[in-house]
Amino acid sequence: MSTRLQREIVARNPRRKSAVPATAGVPGVFLDRDGTLNEEVGYMNHLTRLQVYPWSGEAVRKLNDAGLPVVAVTNQSGIARGYFTEELLHQVHEEITRQLAAQGARIDAFYYCPHHPEGPLPAYRLACRCRKPATGMVEEGARRFHLDLARSYLVGDSFRDMQLGFNAGLRTILVMTGYGRGELEYHARQWPRKPERVAENLLEAATLILEDLQARSPLVGATSAEPNL
Ligand SMILES: [Mg+2]
Ligand SMILES: [Zn+2]
């Protein structure tokens, strides 16, 4: 890890006390947005439709306190379809950031895919490498935060999220919010591969992640994560 990047991460994680040598990749957490951090409302085409789950602040703060970079990865083909603009998307992310900050929580980066291979807007009509379950956004986050993907997590409410996790070699957690419960109840039997864990919501997922990290590698995050367990 370069000194500059290291400084950047330390600056973004002021409470970080990593036991991982600077040369090794660190574990991180990738979060789906709609149905995982906030209510799934279909296309989020107005800021007034945003409802961050009441437990998301505590969940993200737990991950922050453990020194885990938290990266949101979201498909937003509504942009390619002309339903809303990137400008609105940025407003939504700013509002999520503001609401989480009020609870002492921080998402280190938001990545979104605005594309769709058959969208009506030529600027976004693209068979891209970022639309989940393709791994472009995860790779970008891994580079930026120097993540060890095999020790990192993907939390999401759809099978597509789980497929992204499988494709990128992440540990997968399906949450029961958003599409999650329906996905599990009506579709999971046909899935060729199942998520590693199922959690009621993002807060339970965060707890599972911290427990899992402790169990697999007691040094990692032990100092800062312990009080939350
Ligand atoms: Mg979702
Ligand atoms: Zn894309």
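Modeller: Helices here are DSSP runs of H or I with at least four residues, strands are E runs of at least two, and both are numbered from the N terminus. By that count, histidine 146 sits in the loop between α4 and β4. Residues are numbered from 1 along each chain as written, and chains are lettered from A and ligands numbered from 1 in written order. The model is predicted: local features need pLDDT of at least 70, side-chain atom pairs pLDDT 80 or more, while totals for chains, interfaces and linings use all residues.

Colleague: What pattern does the protein follow along the sequence?

Modeller: The pattern is α-β-α-β-α-β-α-β-α-β-α-β-α-α. That comes to 8 helices and 6 strands.

Colleague: Why is histidine 146 called partly exposed?

Modeller: Buried takes 20 or more other C-beta atoms within 10 Å of the residue's own, exposed 12 or fewer, and partly exposed lies in between, with C-beta atoms placed from the backbone. Histidine 146 has 19 such neighbours, so it counts as partly exposed.

Colleague: What makes the phi of histidine 146 worth a remark?

Modeller: Its phi is near 55°, a positive value in a residue other than glycine. Most residues other than glycine have a negative phi, and most peptide bonds are trans. The peptide bond from lysine 132 to proline 133 is cis, with omega about 15°. Proline 133 lies in the loop between β3 and α4.

Colleague: How do you know that the buried residues of α4 line one face of the helix?

Modeller: Helix α4 spans residues 136–145, and its buried residues are Met137, Val138, Gly141, Ala142 and Phe145. Down the axis they fall within an arc of 135°, so they line one face. The arc is taken over the directions from the helix axis to the C-beta atoms.

Colleague: Why does leucine 100 count as buried?

Modeller: Leucine 100 has 22 C-beta neighbours inside 10 Å, so it passes as buried. It belongs to helix α3, residues 86–101. Beyond four places in sequence, leucine 100 is in contact (C-beta atoms, placed from the backbone, within 7 Å) with Ser56, Gly57, Val60, Ala105, Arg106 and Ile107. Its C-alpha is 9.8 Å from that of proline 54, 46 residues apart along the chain.

Colleague: Which strands are the edge strands of the sheet?

Modeller: The open sheet has 6 strands in the order β3-β2-β1-β4-β5-β6, with parallel pairing. Edge strands β3 (109–113) and β6 (197–199) each pair on one side only. The twist averages 25° from one strand to the next.

Colleague: How do you know that β1 and β4 pair?

Modeller: Pairing takes at least two DSSP bridges between two strands. Parallel strands β1 (29–31) and β4 (153–156) are joined by 3 bridges. Valine 29 stands opposite tyrosine 153 in β4.

Colleague: Which residues have the most contacts inside the largest nonpolar core?

Modeller: A nonpolar core is a set of buried Ala, Val, Leu, Ile, Met, Phe, Trp, Tyr and Cys residues joined through C-beta atoms within 7 Å. The largest has 47 residues, and Val29, Phe30 and Val155 have the most contacts inside it. Helix α7 (residues 202–216) gives the most, 6 residues. Beyond four places in sequence, the contacts of valine 155 include Val29, Ile173, Leu202 and Ala205.

Colleague: How much of the protein counts as buried?

Modeller: 43% of its 229 residues. Of contacts with a separation of 6 or more, 68% are between residues 24 or more positions apart.

Key:
Two residues are in contact if their C-beta atoms, placed from the backbone, lie within 7 Å. Axes are lines fitted to C-alpha atoms, for helices over the stretch in contact, and angles run from 0 to 180 degrees between N-to-C directions.
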